[in-house]
Amino acid sequence: MIETRISELTCRAVKELFGHEVPLSAVGIEKTRKEITGDFTILVFPFVKISRKSPEATAAEIGTFLQQHMPELSSFNVIKGFLNLVLSDRYWLKFLEKNSNNADFGFHKQRHERPVVLEYSSPNTNKPLHLGHIRNNLLGFSLAEILKANGHKVVKVNLVNDRGIHICKSMLAYMKWGNGETPASTGLKGDHLIGKYYVLFDKNYKAEMHGLIEKGLTEEEAGRQAPLIVEAQEILRKWEAKDHETVSLWKLMNGWAYEGFDVTYRRLGVDFDHIYYESETYLLGKKLVLQGVDSGELVRKEDGSIWADLREEGLDEKLLLRSDGTSVYMTQDLGTARLRYDDYHPSSMIYVVGNEQNYHFDVLKKVLVKLGLEYGSDIHHLSYGMVELPEGKMKSREGTVVDADDLMDEMFRTAEETTRELGKANELSAPDAEQLFSTIGLGALKYFILKVDPKKNMMFDPKESIDFNGNTGPFIQYTYARIRSLLARANAAGHFWEDAEIDRGLPLLPLEKETIRRLYQFQETVQQAGEEFSPAIISNYVYDLAKGFNGFYQELPVLKEEEKQKIYLRLMISKFTGDIIAKSMAMLGIRVPERM
RNA sequence: GGUUCCGUAGCUCAGUUGGAUAGAGCAACAGCCUUCUAAGCUGUGGGUCGCGCGUUCGAAUCGCGCCGGAAUCACCA
């Protein structure tokens, strides 16, 4: 990239002009601010001590040196301590011509031997997916695409939390009050049917606790002694003991949950290469823990419970097996980490999990290392923030959640309504129209979520529908559709622009150059998103690109331009922009329509 | 209470490996469709970057202290 050449030459300039070696990293290069003439700006402040001249004089000397050694540099100017470089139109035209038809532009060919294992989604089978899970799924899917674009082989895995006390609660409620209901008999999606019983359990459990507290128990005692929770724990023990009846109800209800999840996943457009089930891995975790006791890394207390002592590592003691021998969340995660490592020998394992579990992952890494499994330190937790409602956090048990299926329905309806109001569905067949509404509705939802920095909490107000104007998915999709339409017209008009040679001496207008420069930035954007695990970086880039293109499109005629060379140039810029919009959106898991 | 994260325009968010006058969108107001898709474009108003001190030629960005919010510290997951 040209920045590297600028850096190297700047180092040479400092050495030859001022007699000092400076490392490449000492050269600060940034994009020139838009009010100022230039493409790149070098900060010369770090060199004034060496040059013992004013910032202006230092900048001027370096600028002169660069101009003598860099043919691509057409001019420079100095403002305060900022050396602004103007690259030649010839350079940008060459860049455009070389890359506008390169399908791999900005992407790296696979360049890493060992894969990255990326876990995301990881639902519990006791309740349907909600908006928080949507954020998780979108981040996971997008991150996989971003890592692939950066040359990684990615194995997407889902770890289904299909066992544990939570599913026992739904099972118990169903046994008591279910009357043999099924998804078929109720018309409810399987995961929603199960969620109904989870809520029912909680309602009755709360009532029991209330009664006990009135009898004088503390809240903690009541929470432990309420008959329903005691029964649920009994079911968990029976399940671990492979009690036939318990296991078959468990299979039945989990099956319903999976059918429901599959529908939601398909609609959301996410998928997995491998699905792990905790029921199949928790025993491995248990085994690892018991081995840890034998080797003396873990401790068994008098009541039989097993703990990891992490006080020397700056954390606390952590329970790994209960006194009754059943396993906890951490136990299973140890097992799945081991299994996943043995399955793929990845260079790293990434977990897309909410930031409420930051502590859990600190512990997980340290316990793995303590057990001699060094890859524990290659675990990255992509810790994302909560989705909050105006009234606070979503809680499944209290029914204050934005359901994933409902939300997607609503997005579809809003997309349909808006599209019809604008009269843009008139010429479409029914299936094409449906497809378009889904593309736009999901595009709006996905962009809304992914444009926010993953690590930050974000706000969603169900009363305000997600916008289709401004900094939104549909805005970007619309820009793409406009470009496609323009190109179709160009072809219809018989312009053979794709094979056209553009005169390298053609002068560029500011809007043309700005757009080309934004396209150039795609490369570093992809790289940065990969380094920071951040779809938001792609989102912000593609918005900026689309926004800029709309200005270009508004101000400059393309097909109505008189000079053939200019027509070809602008078509080439348009086509390249369309391709980069599509590639960026694909990295976000968002489709782009040919018309809208 | 300990630990971690967050606080930028009325609202939702960018910008944070220290760089020039802190940016978008929404909302409000004013313009632009006989011309390649107006889900668009242009303009106006809107800021003590939570507060204070410090480091620096230069701080929204780094350090310390406060204030406010969130998460977590379970024999829950």
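In this predicted model, strand S13 (residues 387-389) pairs with S15 in the parallel sense. The pairing runs over 2 bridges. Across it, Val387 stands opposite Met458 in S15. Both strands belong to an open sheet of 3 strands. The strand order is S14-S13-S15, and the pairing is mixed. Strand S14 (392-393) and strand S15 (458-459) stand at the edges. Each has a single partner strand, so one side of each is left without a neighbour in the sheet.

The domain assignment divides chain A into domain 1 (2-87), domain 2 (162-271), domain 3 (273-402) and domain 4 (410-587). The centres of domain 2 and domain 3, taken over C-alpha atoms, are separated by 23 Å. Their contact draws 11 residues from domain 2 and 13 residues from domain 3.

Helix packing was examined for two pairs. Two packed helices are described by the angle between their axes and the distance between the axes. H18 passes H20 in a left-handed crossing. On the H18 side, the contact is made by Leu511, Glu512, Thr515, Arg518 and Leu519. These residues meet Tyr541, Asp544, Leu545, Gly548, Phe549, Gly551, Phe552 and Glu555 in H20. By class, the contact of H18 with H20 holds 6 nonpolar, 3 polar and 4 charged residues.

The other pair consists of helix H4 (residues 89-99) and helix H21 (residues 564-587). Here too the axes come within 10 Å. The crossing angle is roughly 60°. H4 and H21 are therefore oblique to each other. The crossing of H4 past H21 is left-handed. Leu93, Phe95, Leu96 and Asn99 form the H4 side of the contact. Their counterparts in H21 are Leu569, Met572, Ile573 and Phe576. The contact of H4 with H21 comprises 7 nonpolar residues and 1 polar residue, with no charged residues. The contact of H18 with H20, by comparison, includes 4 charged residues.

Terms used: Residues numbered from 1 in each chain as written. Chains lettered and ligands numbered in written order. Predicted model: local features only at pLDDT ≥ 70, side-chain atom pairs only at ≥ 80, totals over all residues. Heavy atoms only, no water. Axes fitted to C-alpha atoms, helices over the stretch in contact; angles between N-to-C directions. Helix = DSSP H or I, 4+ residues; strand = E, 2+ residues; numbered from the N terminus. Parallel < 35°, antiparallel > 145°, perpendicular 65-115°, else oblique. Left-handed = near helix turned anticlockwise from the far one by under 90°. Contact = heavy atoms within 4.5 Å. Nonpolar A, V, L, I, M, F, W, Y, C, P; charged D, E, K, R; others polar. Pairing = 2+ DSSP bridges. Domains from an automatic or database assignment.
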